[in-house]
Amino acid sequence: MAKVTMLNMAGTEVGSIDLNDAIFGIEPNQNAVHAVVKNYLANQRQGTQSAKNRGEVRGGGRKPFRQKGTGRHRQGSTTDPSQVGGGVAFAPKPRDYRYTVPKKLRRLAMKSALSSKVQEKEIIVLDTLNFEAPKTKEMIKVLGNVNAAKKALIILAEKDENVIRSAANIPGVRTALVGTMNVYEIINYTSFIVTKEAINKIEEVYS
């Protein structure tokens, strides 16, 4: 099992933690990660774009000018896509971009993303993370103590309003629960900050 140094909120080493190789020590599968990220981004699309085709544009009742003698190309309708103010060829219409990927592929992608964070030494394990009250200044201090990057994802085992609200106003910092974290966010944020309790829950969910 891979060993990772565990820090406290002051940035001091307080021991180490063994990570399950089946979750944090596999060879990352880039194809799986790409497929799941592509699926995540597709599912985020609203799909509300819309334009009028030539059958929906107002006008086009009569031929705009005679067939011959004007020196212009032959045109039968002002709604033709080649005309200014005409319809759009192959006009986009509202649609649902959502689709699903196999559960095994999602799990492989998650394990690959977690393993890549360990391999690239971008994982920061805290023994605990809690505040008596929401304090943005205190969260900034903690992030500085553990040498977190500007883009940091904080993973919690359980919802903690004080921690969530303390990080809410810090640009580039996001909090998530073990049950809501996703592959896209894990690879999109440089520092992966996770509590010891959250590590145990991740291994429980994905083992």
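1. Residue S115 is found in helix α3, which covers residues 103-119; helices here are DSSP runs of H or I with at least four residues, numbered from the N terminus. The model is a predicted one, in which local features need pLDDT of at least 70 and side-chain atom pairs count only at pLDDT 80 or more, while totals for chains, interfaces and linings use all residues. Residues are numbered from 1 along each chain as its sequence is written, and side-chain values use heavy atoms, with hydrogens and water left out.

2. S115 has a relative accessible area of 0% and is therefore buried (under 20% relative accessible area, with a 1.4 Å probe and protein chains only). Leaving aside neighbours within four places in sequence, S115 is in contact with I23, F24, G25, I26 and P28, where contact means heavy atoms within 4.5 Å.

3. The side chain of S115 reaches the backbone oxygen of K111 at 2.8 Å, and a polar atom of that S115 side chain lies 3.1 Å from the backbone oxygen of I23.

4. Helix α2 (residues 30-44) and α3 have axes that come within 8 Å and cross at roughly 110°, the axes being lines fitted to C-alpha atoms over the stretch in contact, with angles from 0 to 180 degrees between N-to-C directions. The two helices, α2 and α3, are therefore roughly perpendicular to each other (65 to 115 degrees). On the α2 side the contact is made by A32, V33, A35 and V36, and on the α3 side by L105, R106, L108, A109, S112 and A113.

Note on methods: Buried < 20%, exposed > 50% of the residue type's maximum accessible area, 1.4 Å probe, protein only. Polar contact = N/O pair within 3.5 Å; in protein donor to acceptor, adjacent residues only side chain to side chain. Parallel < 35°, antiparallel > 145°, perpendicular 65-115°, else oblique.
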